[in-house]
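Colleague: Could you take a close look at one part of this model, the aromatic ring pairs? Please state the criteria as you proceed.

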Amino acid sequence: MRKKIVSIALAGAMVLSLAACGGGDKAAESTTAQAAGETTTADAAAVKESKAAKQEASTAKSPDNDIVIALQADATHLDPHVSSNGVSNQITNEMYETLLTFDEDTNVVPLLAKEWSVSEDGKSYTFVLNEGIKFHDGEPFNAESVRAVYDRGLKDSSLTLQRTINAWEDVVVDSEYQVTIKLKEPNNTFINKITQFRIVSPKAMAMENASDYLAKNSAGTGPFVLSERVDGGYTKMVRNENYWQEGPSVDSLTFQVVPEDAARIAMLQTGEADVIFPVPTTDVSQIENDPSIIIDVAPATTYRYVTLNTEWALPDGRKPFADKRVRQAFNYAFDSEAYAKVVFNGYAKEPTSIFSDSIRFYAEQTPYKPDLEKAKALMKEAGFEDGFDVELIVDNTTIEQKGAVFVQQQLSQINVNVKVLPNESTANAEKTSAPLEDTTVQMWYVNWASGSYEADGSMRNILHGEKFPPEGYNTAFWNNEEFNQLLDDALKMTDDAQIAEAYAKAQAIAWEECPWIFLGNDNTINAYKTYVTGLQYKPGGTMVFRTVGLDHE
């Protein structure tokens with residue numbers, strides 16, 4: 001039986017995509033036709049039906065029982081309490097689980113906890129846990145496990161876990177399979193945020209170098225167990241034979257790092273990869289008529305922006321981004337509609353607030369339409385008519401660099417000379433975690449998607465004044481007291497109308513203050529072979545491989 005080969009070489013020479021074969025296909029047409037528009041319930045049903053029909057009609061079969069996913073970037077770490085970016089979560093979520101999770105419609109549903117209740121004062125949440133579950137290392141999952149994760153976060157403030165628990169007062173073990181989480185004060189985002197609280201074996205967390213151990217070994221309750229890990233190369237997992245619910249039928253799951261867009265496309269066409277993410281928008285046409293490939297396009301929660309370090313100084317001591325007029329000028333010089341077309345081939349939308357309109361409590365703002373005369377006038381008022389030199393860091397993937405170069409070209413129209421500095425994602429993660437006194441970041445081309453799908457998670461860690469690195473990702477070092485207070489007050493509110501009003505005011509402040517260049521919202525585009533079965537999704541296009549399978553020869 002022919003086997004798919006996982007190679008650290010990453011098919012680097014495959015820069016020319018193979019020609020797509022086969023005739024026209026209704027499923028591909030109906031899926032890709034919704035690229036930048038709104039998807040209705042009827043549209044979604046039609047697409048689902050078309051994909052099912054394409055799978056049924058396809059004669060393609062997998063040569064083995066090992067599934068390979070070609071990803072654009074690598075995880076920064078496999079300790080789920082250290083990593084926090086999208087790729088890391090995509091990979092670690094197959095090994096680690098949470099008390100609650102989301103379904104495809106952003107509803108919170110049980111996972112390790114089978115039910116929960118909340119006290120009348122909104123400060124205590126009690127979870128009844130599923131029984132008979134074991135971690136990958138053989139240790140039992142119970143209420144003590146939940147407490148142990150909380151204790152780890154208390155002891156090590158450098159963990160991303162700490163951001164989840166910092167509003168908690170205590171975790172009380174009521175019984176072997178019941179635990180109560182007590183909050184310092186009511187927090188209406190708690191249920192959404194608990195979906196990010198990944199449970200790890202207490203035995204593994206108690207090790208002297210726990211993070212080093214978890215970088216090469218898994219200790220979760222998930223459907224897959226870590227098998228091999230090569231940083232920058234691939235992460236391979238095998239099926240958890242003792243998984244506690246319906247699990248995958250494949251023998252192994254491998255996430256392979258393939259930064260080159262053309263190489264990912266070619267790997268899917270030849271069957272070297274079974275799934276690719278993301279599909280480069282400029283190459284969708286190469287595979288949309290291939291009868292052995294299904295393309296999934298979903299409105300994403302991913303928001304793209306460039307942070308502007310308000311504390312960065314030029315050699316002469318002036319701080320250009322400390323002046324709101326300069327920040328606004330950058331947005332008036334930037335054409336978001338052209339960005340969507342040029343960088344994402346139309347699979348993106350113009351931004352109309354500081355996070356995606358798929359997030360609850362989104363409030364529409366008036367877009368910054370390109371106006372070079374206004375941009376130049378603002379630069380002149382601020383004393384920067386002649387522009388300045390500035391550095392822009394970006395991940396070294398094809399699509400990220402393409403976007404950064406577009407920003408470079410746009411800002412050149414107002415005499416700003418942008419030097420694009422591509423780096424490995426892990427290098428950028430290190431650069432952007434440095435505190436203000438040590439940071440070298442001037443501008444950062446980046447994207448953010450809240451894993452908890454709520455407004456606070458879409459703003460706090462990247463804009464709140466208490467979230468300067470390393471506590472958060474506010475690399476604009478922007479601190480607006482009114483904005484901060486609105487976010488803090490909203491957490492304690494219980495009335496939806498009041499919450500919506502607070503978040504709308506916060507969005508309006510940030511939109512007018514421009515701590516970023518607002519770039520756009522792009523769609524999530526995944527593609528997979530028709531012989532892949534049981535693939536599930538969370539909102540925004542995040543893949544779930546819990547029940548994945550492969551049709552064989």
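Modeller: Buried means under 20% relative accessible area, exposed over 50%, and partly exposed in between (1.4 Å probe, protein chains only). The model is predicted, so local features need pLDDT of at least 70 and side-chain atom pairs count only at pLDDT 80 or more, while totals for chains, interfaces and linings use all residues. Residues are numbered from 1 along each chain as its sequence is written, and side-chain values use heavy atoms, with hydrogens and water left out.

A pair of aromatic rings is described by the distance of the centres and the angle of the planes. Here, rings of Phe, Tyr and Trp (its six-membered ring) pair if their centres lie within 6.5 Å; planes under 30 degrees apart count as stacked, over 60 as edge-to-face and the rest as tilted. Over the whole structure, 31 aromatic pairs are found. Tyr-125 and Phe-190 form a tilted pair, because their ring planes stand at 35°, with the centres 4.3 Å apart. This pair links distant parts of the chain, 65 residues apart: Tyr-125 lies in strand β6 (residues 124-129) and Phe-190 in helix α6 (residues 190-193). Such helices (H or I, at least four residues) and strands (E, at least two) are DSSP runs, numbered from the N terminus. Tyr-125 is buried at 10% relative accessible area, and Phe-190 is buried at 4%.

The rings of Phe-384 and Phe-388 are edge-to-face, because their planes make 75°, and their centres are 5.6 Å apart. Phe-384 is buried, with 5% relative accessibility, and Phe-388 is buried, with 6%.

Finally, ring pairs join Tyr-303, Tyr-305, Tyr-332, Tyr-368, Trp-511, Trp-516 and Phe-518 into a cluster.
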